[in-house]
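This report goes through a structure shown below. Please keep the sequence and the 3D view at hand while reading.

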Amino acid sequence: MEGLTAGLMAVALAGLGLWTLVHRRNVIWKLLGLNVASGGSILFLVAVAHRPDGRPPILGLGPGPATDPLPQALVLTAIVIHFATLALSLVYVVFLTERRHTQDVPKLERRRSRR
Amino acid sequence: MTAAAAGVLAYFLLGTLGVVTGKGRLGGALAIVAGLVSLGLWAPGFPEGLIGDPPWGIPLVGDTIALAFWCFIPLVHAAVWWHERRRPSAFHGLVTLLVGTCLATVLSRDLFNLYVALELGSLLSFLLIGYDPRARAVWGSLQYLILATVGMLLYLFGVALVYGTLGTLSLTRIAELAPDFAHPPLAIGAGLLVAGAAVKAGVFLVGLWLPTAYGEAPTGVATLLAGLVGKMGIVTLARLAESMPVGTVVTALGVLTGFGGLLYALWEKDLKRFLAYHVISQIGYMLMGFGLGGPAFFAATLYTVAHCLFKGLLFQAGGVAVEATGERTIPSLAGRLPRAAAWGLAVGTWAIVGIPPLAGFVSKEYLGIEATTAFSWTFTALALGTTASFSKLIPLFRPGRPGGAWGGIALLAFGVVGFSAWGLARLPGLWAADLWAKALITVVLGYGLFRILSKFRPRLPEVTLDRVAVAILGVSAIIPLTLLAFG
Amino acid sequence: MRWVTALSLVALLSVLVVGTLGLFPRDPVEGWEEATSAYGARNAVAAIVLGARLWDTLMEVLVYAMAMLGVRMGMSTLPEFRAPRPRVAETPLLLKAADILIGVVFVFSLYLAASGHLGPGGGFPAGAILGSGLLLLALAKGADRLAEELYEPTLEGLEYGAVAVLLLIGAMTLLLGVRGQIPLVAANLFIGLEVAIGAWVVLHRFTTHRGEV
């Protein structure tokens, strides 16, 4: 049951993030929304790993069912990728703020200032 | 398999060392040699092998797609290497890493490994698109970054759903299990995988980050993106269509993409954006072929390779023209191009509109032969539109000054001609007179269509970040629903 | 436009909810014990990340290293922060706490990296902890002073050197079939080094160009 709850919460988190992404005009808000949604996808993978009464998949922790180690390993990779992408995009935002003096997406999209 | 994996690792190692030691150019050259040696060792293919132990190892396969890509990737890399040879070492290191990522992507048969490889490819592309600190290029890169991340997020949900249902990430194993879409999580997972990969591939509506990103990238980078990196999403879609019953959806996406991209390309004035819209349009051919499966699958592989070569050539020549004159729009470029750029554009156009006997003719007609009749006519309609759209470029073919950076152009043109010769010699059914007549008539009719269409100036909806993001959400809801309903 | 957005988002979320509802309960996991001990590990996640799926992990390390390279390149095109830096909050509490904690933090991160194959831990958390230790130092002593102590070109060499070593470890494990604890520990230590240096690069670049810790 906990797995299902976590999965549904992950979907809710993704929804929250994606709504922020498409609704806000400020690019920083968009990136924040994207990050929240990424958190949702990571939580979803962790939820998939869940087993009822599972223990951590480490040898020597006694008998009983274990949780699935593979999604947990995938999550490790996904977290690093999301972090790296966020760091890079924030640098780009800093750069654009410096050059264009705005973080508003419709203004950034105007093709007038061609430099 | 060991040889292929060693080739990829050598690419990564040389790229990393190139970034840090200041010997990126040497590293790139050595990497090209290493890639060719590795290809020589594993050609003509290897059966599936796990890299890492079961049950978690990553399956790698050296099949036709992998072989086709490995054969021409060194050529594209060499063209980019030569054109950008004056750039600093770190640039060459990044290019080497990006090419290595593509080599790894085409080998992989693992859902999550494809995710990681696509993300590494996108990250390196972001860096290279924004390499010149110009606000427009950086904005194009950031837009690409945001939309690609949304796509990959949905792909990750798809990975979780498919893994949760089938308990495996290997596409070969998934194909053996022969999934049927009566079970909702599986259908939804497969739909999300297709939607996520479609964003990366540049399918119409969801992939409209592509014109800005390609249009603003430096010349060599645009060649690399159009000729190589952009195809990684397509390869992912092809792998998905191979192992899960999603072929119909991929075909439908192909039809949408083919005509949608063409619609925007017809009236675009900016040379590089025009070429980028045509990338979207040509992706339609590939997706239709991959979605139909069977003999059309191989034909679509060939089309992908041919497209990489001539689109790389077009972007290279267009980039040289823009670099030499400082102008970007087609009317203001007319008659001012250096000779190399004009000839490169001419050969590329000749190839892409499908005038015999160059690569476009070979690959398009072969795809038409292998597809069913209805799709054969769709391809003809698309070819008509492509000709009409490319007729705009005719004033550019007259060179206005001698010289120009010819190195990369010559390499890629050599690739196009080589592919055409190989195709005409090896592929069956291309020497029929009616095919040649049909291709020539299509070109003439296309030129006529251009004269008619140039009278109109429709206002197409503007492409903005928010609209594309909403389109991604909508499409990734529609595809799983379709699979649920009809799968 | 807003209605279209709401509609597509609601459709997407309901699709995801339907998928989630059909996913549980799931079958128990089997056969992970043998595969884990074959790699000389006791933590199955470490056996996957550093053994069976090292191919993924290598690309992931490259993603991280290249993102840090992007931060360095992007920030170097911007002007440095000219105005006088805001003074570091040199409260005695922070200074004392940094003095006491920093050793513990460093030792703990080393422990996590070295024992990641036996229990919870591993190179990524270890690197992140080491990076936050550096952040603590920067808060207490000021980022400028810390930057003088940590010579940047050496760090850069170390960072990419760590990536290169990881690629070589990958070649040994994946292509030559080397197994055992030594490659796992080495991989964890080098990943920790790489992540910590990357974290420092982000910290330092954002400080010099944006002017705040």
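## Helix α6 of chain B

Directly after α6(B), Gly167(B) has a positive phi of about 75 degrees. The model is predicted: local features need pLDDT of at least 70, side-chain atom pairs count only at pLDDT 80 or more, and totals for chains, interfaces and linings use all residues. Residues are numbered from 1 along each chain as its sequence is written, while chains are lettered from A and ligands numbered from 1 in the order in which they are written. Helices (H or I, at least four residues) and strands (E, at least two) are DSSP runs, numbered from the N terminus.

From its first C-alpha to its last, α6(B) reaches 46 Å with 32 residues, close to the 46 Å expected at 1.5 Å a residue. The expected span of a helix is 1.5 Å times one less than its number of residues. Of the 32 residues of α6(B), 29 are buried, so this helix is largely enclosed by the rest of the structure. A residue is buried if 20 or more other C-beta atoms lie within 10 Å of its own, exposed if 12 or fewer, and partly exposed in between, with C-beta atoms placed from the backbone.

## Chain B as a whole

Chain B contains 21 helices and two strands. Its radius of gyration is 21 Å, close to the 23 Å that the globule rule gives for 487 residues, so chain B is as compact as a globular protein of that length. The radius is taken over C-alpha atoms, and the rule is 2.2 Å times the number of residues to the power 0.38. Along the principal axes, the C-alpha atoms of chain B fill a box of roughly 60 × 55 × 45 Å.

Of the 487 residues in chain B, 67% are buried. Among contacts in chain B with a separation of 6 or more, 81% are between residues 24 or more positions apart. Two residues are in contact if their C-beta atoms, placed from the backbone, lie within 7 Å.

Not counting residues up to four places away in sequence, Val194(B) touches Leu237(B), Leu240(B), Val246(B), Val249(B), Val250(B) and Ile479(B).

Leu237(B) and Leu240(B) are among the buried residues of α11(B). In that helix, 12 of the 13 residues are buried. The end C-alpha atoms of α11(B) (residues 231-243) are 19 Å apart, which agrees with the 18 Å that its 13 residues should span at 1.5 Å a residue.

## The hairpin of chain B

Strands β1(B) (residues 46-51) and β2(B) run antiparallel and are joined by four bridges. Two strands pair if DSSP finds at least two bridges between them. One of the bridge partners is Ile58(B) in β2(B), which pairs with Ile51(B). The two strands form a hairpin with six residues between them, and Gly52(B) in the turn has a positive phi of about 100 degrees.

In a regular strand the side chains alternate between the two faces of the sheet. Both faces of β2(B) are covered, with Ile58(B), Leu60(B) and Gly62(B) buried on one side and Pro59(B) and Val61(B) buried on the other.

## Contacts with chain C

Between chains B and C, the contact takes 44 residues from chain B and 43 residues from chain C. On the chain B side, the largest share, 10 residues, comes from α1(B). By class, that side has 31 nonpolar, 11 polar and two charged residues. Ala, Val, Leu, Ile, Met, Phe, Trp, Tyr, Cys and Pro count as nonpolar, Asp, Glu, Lys and Arg as charged, and the others, Gly among them, as polar.

Chain A contributes 37 residues in contact with 39 residues of chain C. The largest share of the chain A side, 17 residues, comes from α3(A).

Most residues other than glycine have a negative phi, and most peptide bonds are trans. His101(A) has a positive phi of about 60 degrees although it is not a glycine. With 8 C-beta neighbours inside 10 Å, His101(A) counts as exposed. Leu205(B) also has a positive phi, near 75 degrees, but with 20 C-beta neighbours inside 10 Å Leu205(B) counts as buried.

The peptide bond from Pro356(B) to Pro357(B) is cis, with omega near 0 degrees. Another cis peptide bond joins Phe24(C) and Pro25(C), with omega about -5 degrees.
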